[in-house]
Amino acid sequence: RTVYVNGEYLPENEATVSIFDRGFLMADGVYEVTSVLDGKLVDFDGHARRLSRSLNELEMGNPLSREELLEVHRELVRLNGIEEGLIYLQVTRGSDGDRDFAFPDPVTTTPTIVLFTQNKPGLADNPAAREGARIISIEDIRWHRRDIKTVQLLYPSMGKMMAKKADCDDAWMVEDGFVTEGTSNNAYIVKGNRIITRALSNDILHGITRTAVLRFAREVQMEIEERNFTIEEAQDADEAFTTSASAFVMPVVEIDGVTLGEGVPGPVARRLREIYIEEMRKAAV
Ligand code: PLP
């Protein structure tokens, strides 16, 4: 695989980053995951905009312009022959060659930027989406700036492991009795023609897929209610699903051992998945 690190395209085993990098020492960095369909980038501008916002919130500069970033994404897709898959991008604060809690001088410290591709044929025609996901709930003990897409992913990783141990696919996190989001996705329930999902705030990541899916849902006259919901309400819903750049719309068929409806992906989630993939293919760049 050819990867990108700080301006260079290199074989993955020749790419290096300093051991003093604050991304490595302190999880002081942000990331984006953009999907690739038909060799093209899905919602590139949404991801580029959120990257700028995350960097801004952490007082980090953006090492690349939108055009430069687009060029690097496209070049990696080309060099690695990706038709369907993901591009991972990470920007960390870099280092001044030592370890200190205070941020190093931004004038003399350059951020580290790394991109690599993940080849994933079957991203669109995903067998897991035909089955639907089985979910457990766990307490949300993350920090309170979940709107910033930082690389502090230890707790979400542990959540995935808890789900695996319970022979499930993923975990939804719950805070003060209400679902915040999934370990790596936004969470929704469906009642009749109504889609219910938590409103945007610092409590959840502002999903790029969420924005697009809610727009498509409105276009086909579905109703959207942005409010908190509990696990009990979700277990009693007609359907549930999650959204993310890497799994698009993923139906949920079971929550904490309770089967939703018939235990198969529901019509709303299936329809939104179809519309999302079709429309995003058309708009990919
Ligand atoms: N919420 C969390 C915690 C995530 O990690 C992600 C994606 O990684 C999402 C939501 C979905 O965001 P997006 O649709 O931009 O991929």
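Trainee: Which residues come nearest to the ligand?
Mentor: Keep in mind that this is a predicted model. Of the 13 residues around the ligand, the nearest are Leu205, Gly207, Ile208, Thr209 and Ala245.

Trainee: And which helix or strand supplies at least two residues of that shell?
Mentor: Helix H6, residues 208-219, does, and so does strand E13, residues 239-244. H6 gives the most, with three residues.

Trainee: How do the shell residues divide into nonpolar, polar and charged?
Mentor: Seven are polar, four are nonpolar and two are charged.

Trainee: OK, zooming out. What does the domain assignment give?
Mentor: Domain 1 covers 2-119 and domain 2 covers 127-283, going by that assignment. Taken over C-alpha atoms, their centres are 26 Å apart.

Trainee: How many residues does the contact take from each domain?
Mentor: Domain 1 puts in 21 residues and domain 2 puts in 13.

Trainee: On the domain 1 side, which elements supply at least two residues each?
Mentor: Strand E3 (29-37), helix H2 (44-57) and strand E5 (85-92). The largest share of that side comes from E3, with eight residues.

Trainee: How does that side of domain 1 divide by residue type?
Mentor: Eight nonpolar, eight polar and five charged.

Trainee: Now the whole protein. How many helices and strands are there?
Mentor: Eight helices and 15 strands. The radius of gyration is 19 Å, close to the 19 Å that the globule rule gives for 285 residues, so the protein is as compact as a globular protein of that length.

Trainee: What does the C-alpha trace span along its principal axes?
Mentor: About 55 × 40 × 35 Å.

Trainee: And what percentage of the residues count as buried?
Mentor: 39% of the 285 residues.

Trainee: Last one: among contacts between residues at least 6 apart in sequence, what share joins residues at least 24 apart?
Mentor: For those contacts, the share is 71%.

Conventions. Residues are numbered from 1 along each chain as its sequence is written. This is a predicted model: local features need pLDDT of at least 70, side-chain atom pairs count only at pLDDT 80 or more; totals for chains, interfaces and linings use all residues. A residue is near a molecule or strand if its C-beta atom, placed from the backbone, lies within 6 Å of it. Helices (H or I, at least four residues) and strands (E, at least two) are DSSP runs, numbered from the N terminus. Ala, Val, Leu, Ile, Met, Phe, Trp, Tyr, Cys and Pro count as nonpolar, Asp, Glu, Lys and Arg as charged, and the others, Gly among them, as polar. Domain bounds come from an automatic or database domain assignment. Two residues are in contact if their C-beta atoms, placed from the backbone, lie within 7 Å. The radius of gyration is taken over C-alpha atoms; the globule rule is 2.2 Å times the number of residues to the power 0.38. A residue is buried if 20 or more other C-beta atoms lie within 10 Å of its own, exposed if 12 or fewer, and partly exposed in between; C-beta atoms are placed from the backbone.
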